[in-house]
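Please open the structure in your viewer and keep the selection tool at hand. The tour below goes from one selection to the next and says what can be found at each stop.

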Amino acid sequence: MKNSEVQRALKVAIAAAKAAGAVMIKNFHSVKKVNEASQHDIKLELDVRCQKLIERTLAAAMPKIPVLGEEGDTGSTQGELRWVVDPIDGTVNFAYGIPHACVSIALQERVSRGAVTPDGYATIVGVVLDPFVNELWTATLGGKARLNGRVISVSKRRKLEEAIVTVGFAKHPRTLNQMLPVLNDLVHRVRKVRMMGSAALSLTYVASGRMDVYLEPGVRLWDIAAGGLIVQCAGGDFFYQPVAGEYHTYRLGVNNGAFRKQITNAVAWLRE
């Protein structure tokens with residue numbers, strides 16, 4: 001895409017994120033309708049409603065681009081461009097009244113080189129909005145990462161014992177079993193470990209220098225497409241590996257650029 005088109009797409013994505021964020025705020029204290037629930041996850045009717053709102057907003061401005069989303073796809077998601085959308089990342093937090101959740105919207109382009117997905121796409125626009133604290137992270141490929149318009153960068157910490165590490169536990173037994181030994185090890189070696197409940201916000205917190213490392217053994221593309229670009233544009237190391245045989249799923253060892261060797265030495269599933 002031309003730079004002018006990328007900037008237009010960024011504005012459209014911001015508008016869509018703000019529309020969904022407004023719905024999240026309006027419904028935060030209301031009783032939530034649960035569409036589906038398991039031991040480790042919840043799907044809300046509001047997830048679907050927010051994605052439909054995002055889809056309408058995006059389509060009104062750029063109607064030919066399909067959406068690959070947590071709540072389903074629109075059109076063929078194997079064309080030249082596609083939106084990648086998580087309408088509410090941190091749904092369990094949101095459902096329980098914990099104000100730590102966000103909207104994540106990315107635009108991906110099919111590329112011949114430099115793809116970040118196995119099916120040949122690179123993220124060229126990333127937008128993450130936390131409506132509860134009015135924080136908007138943005139990035140475009142090759143540009144600077146920004147928080148509410150201000151350029152941000154990852155932390156400069158280099159000692160693991162000074163690092164704050166955020167971790168995620170996916171809802172499958174395999175990933176729980178992979179992560180528990182890592183947590184048990186790292187808690188003795190780092191300053192603090194945090195489990196916040198939103199992959200996209202964990203990425204933006206690394207990009208903003210608030211945290212230094214983010215580890216998760218199984219997370220979906222729509223959780224990380226926007227935040228991964230924001231980390232890269234903030235000078236960080238978006239270290240990821242596709243999980244073979246699982247739909248748009250990745251292992252993450254994201255860090256500020258100083259800790260890849262240390263975390264890969266410590267985390268066996270990052271060496272697979």
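Begin by selecting Leu-147, which stands opposite Arg-150 in strand 10; the model in which you see this pair is a predicted one.

Return to strand 9 and pick Arg-146. Is this residue buried, exposed or partly exposed? With a relative accessible area of 34%, Arg-146 is partly exposed, because that value falls between the limits of 20% and 50%. Leaving aside neighbours within four places in sequence, Arg-146 is in contact with Leu-136, Trp-137, Thr-138, Val-151 and Ile-152. A distance to display here is the one between the C-alpha atoms of Arg-146 and Ala-234, which lie 88 residues apart along the chain and are separated by 8.0 Å.

The next stop is the second largest pocket, which holds about 150 Å³ of space. Of the 16 residues that line this pocket, the closest to its centre are Val-116, Ala-122, Thr-123, Gln-232 and Phe-238. Helix 6 (221-233) and strand 7 (121-130) are the elements that give two or more residues to the lining, and the largest share, six residues, comes from helix 6. By type, the lining divides into 10 nonpolar residues, six polar and no charged.

Finish at strand 15 (residues 249-255), where seven of the seven residues are buried. Thr-249, Arg-251, Gly-253 and Asn-255 point one way from the strand, while Tyr-250, Leu-252 and Val-254 point the other way. Strand 15 pairs in the antiparallel sense with strand 13 (residues 213-220) over six bridges, and Tyr-214 stands opposite Val-254. Strand 14 (residues 240-242) also pairs with strand 15 in the antiparallel sense, over three bridges, with Arg-251 as the bridge partner of Gln-241. In the hairpin of strand 14 and strand 15, which has six residues between the strands, select Gly-245, which takes a positive phi near 80 degrees.

Definitions and conventions. Residues are numbered from 1 along each chain as its sequence is written. This is a predicted model: local features need pLDDT of at least 70, side-chain atom pairs count only at pLDDT 80 or more; totals for chains, interfaces and linings use all residues. Side-chain values use heavy atoms; hydrogens and water are left out. On a 1 Å grid over the protein atoms alone, a cavity is a set of points where a 1.4 Å probe fits but cannot get out, and a pocket is an open set with protein on both sides within 12 Å along at least five of seven lines; lining residues have an atom within 4 Å of a point. Grid points are joined across faces, edges and corners, and a volume is the space filled by probe spheres set on the points. Helices (H or I, at least four residues) and strands (E, at least two) are DSSP runs, numbered from the N terminus. Ala, Val, Leu, Ile, Met, Phe, Trp, Tyr, Cys and Pro count as nonpolar, Asp, Glu, Lys and Arg as charged, and the others, Gly among them, as polar. Two strands pair if DSSP finds at least two bridges between them. Buried means under 20% relative accessible area, exposed over 50%, partly exposed in between (1.4 Å probe, protein chains only). Contact means heavy atoms within 4.5 Å.
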